Amino acid sequence: MPDPFADLLLQLRQDAGRTQEEQAEAINVVSGRETMTRREISRYENFETIPTNHTIGHIAVACGVPCGELQQLAKEARARKGRGRANAGEDQDVVKRRTLLGGAAIGVSAAAEPWGRLAFALRKGAKIDRVAAIALVDRAADLHVQELSLSARRLQNTVESHLDAITAALPHAGEHERALTIAAGETAALAGWVAWDLGECDKADAYYKVTSQCASTAGHPPLRALALTYASYGTSTPRAKAELLSQAARDVRGHGNATAAAWVLGRHAEEAAAADDEVGALRALERARFVYDFADHTSEQAWVRFVTPYRMDSLALSVYGQLRRPELTSTADTALDRLGGELSDGGVVVLGDLASALLRGGDVDQGVYVSHQFVVAAQAKPNTMGKERASAIAASLPAGEQELALHLAQFAA
């Protein structure tokens with residue numbers, strides 16, 4: 001027999017524009033587990049079963065509706081089912097359903113994507129215990145380390161699932177709200193970077209905007225610097241890139257931001273070199289290296305974990321290669337020595353930058369040799385930045401290396 005609560009679940013799904021299979025997937029994204037199925041959604045909507053309160057919480061987040069109200073309606077539905085009278089109290093329940101659906105109009109549309117759910121949660125304000133809060137923050141930090149060892153496609157689902165986990169926790173964060181908001185912003189920025197790497201530029205922009213919103217909500221300017229610096233890779237004009245990086249540099253001034261400042265300055269040097277501003281590029285690179293001498297990438301913001309000595313080598317190689325500076329040779333030797341015999345995941349990125357820098361710097365034979373090494377390493381240890389490196393190398397290879405260029409272009413695609 002039909003029930004108002006089953007009707008409500010059906011309406012929520014339809015208003016979100018999802019099939020039963022898509023609704024199950026959306027709930028799984030929120031829960032972080034692959035346990036919900038299309039068949040289970042069908043059972044809920046036909047009043048064969050009623051979701052547990054735990055599952056109701058995930059449905060509420062996935063559909064952008066208040067969890068407490070949805071759980072209360074589920075409680076009343078269980079009572080009706082237990083009495084075997086599905087229509088008992090239906091008039092009162094219809095009023096409640098209309099109120100819930102009317103108030104959820106914005107929530108449902110906002111819940112269509114992970115960044116929308118986060119933006120919606122930030123507006124709702126704040127009790128989650130300290131252990132859970134620390135676990136969520138630590139997980140956000142760990143994802144920035146995994147970025148160098150997981151493919152973009154594998155990393156995307158993991159990052160977006162964690163973003164949804166923080167989003168679900170935010171309304172109950174209490175004293176941990178600021179820490180979780182910062183962690184959410186860090187995770188959203190990484191989700192944006194991965195989306196951009198997969199060619200999903202609009203999606204990336206949406207994530208970067210919500211990262212900036214997190215920075216504003218938490219009063220934490222370095223978080224905005226993260227979004228701006230990531231966004232600078234996908235910005236089309238040199239002037240726009242410079243504006244983003246200049247603001248990012250202002251956001252990371254002060255104690256505790258040395259690693260972040262080194263990265264932002266290194267990016268500024270890279271873009272200045274691309275614009276043939278040799279003086280500006282060398283000055284920015286010198287400042288980046290100076291600041292990095294005072295940095296500790298393992299103890300500052302979570303997202304600077306990837307700014308290792310390898311990454312600083314990459315930035316220097318990029319600058320010297322584009323400017324065809326004589327320092328390229330010694331920097332390349334230093335980078336190779338630092339990589340050592342066992343190539344780490346981060347070392348694959350350095351290898352790609354080294355190959356690209358050598359080719360652009362005019363050392364073609366050595367550049368081709370390192371390009372072959374990069375191909376092998378990138379296939380063995382794919383990471384989210386591999387495609388960009390492969391594309392840059394393919395575009396710089398000489399005419400006699402068409403087969404290698406084609407291979408790299410296919411890898412990049």
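**Notebook: burial, backbone and charge look-ups**

I started with Phe47, which counts as buried at 7% relative accessibility (buried is under 20% relative accessible area, exposed over 50%, partly exposed in between, with a 1.4 Å probe and protein chains only). The model is predicted: local features need pLDDT of at least 70, side-chain atom pairs count only at pLDDT 80 or more, and totals for chains, interfaces and linings use all residues. Residues are numbered from 1 along each chain as its sequence is written, and side-chain values use heavy atoms, with hydrogens and water left out.

**Positive phi**

Back to Phe47: I found a positive phi of about 60° there, although Phe47 is not a glycine. I placed Phe47 in the loop between H3 and helix H4 (53-63) (helices are DSSP runs of H or I, at least four residues, numbered from the N terminus).

Arg324 also turned up as a non-glycine with a positive phi, about 55°. I see Arg324 in the loop between helix H17 (309-323) and helix H18 (327-339). Is Arg324 buried or exposed? Arg324 is exposed, with a relative accessible area of 56%.

Leu12 is buried, at a relative accessible area of 0%.

I then checked Ala258, in helix H15 (residues 258-274). Ala258 counts as buried at 17% relative accessibility. Phe294 is 36 residues away from Ala258 in sequence, yet the C-alpha to C-alpha distance is 6.6 Å.

**Charge on the surface**

Which residues gather in a patch of negative charge? I got Glu21, Glu22, Glu25 and Glu34, on the surface (patch residues have over 30% relative accessible area and no salt bridge, like charges being joined within 9 Å; a salt bridge is a Lys or Arg side-chain nitrogen within 4 Å of an Asp or Glu carboxyl oxygen). I followed up Glu34, which lies in the loop between helix H2 (20-31) and helix H3 (38-45). Glu34 counts as exposed, with 72% relative accessibility.

Methods:
Patches are made of residues with over 30% relative accessible area and no salt bridge: like charges are joined within 9 Å, nonpolar side chains (Val, Leu, Ile, Met, Phe, Trp, Tyr) within 5 Å. Accessible areas come from the Shrake-Rupley method with a 1.4 Å probe; for residues, only the protein chains shown count as cover. Lys and Arg count as positive and Asp and Glu as negative; His and the chain ends are not counted. The place of a charge is taken as NZ of Lys, CZ of Arg, CG of Asp or CD of Glu. Helices (H or I, at least four residues) and strands (E, at least two) are DSSP runs, numbered from the N terminus.
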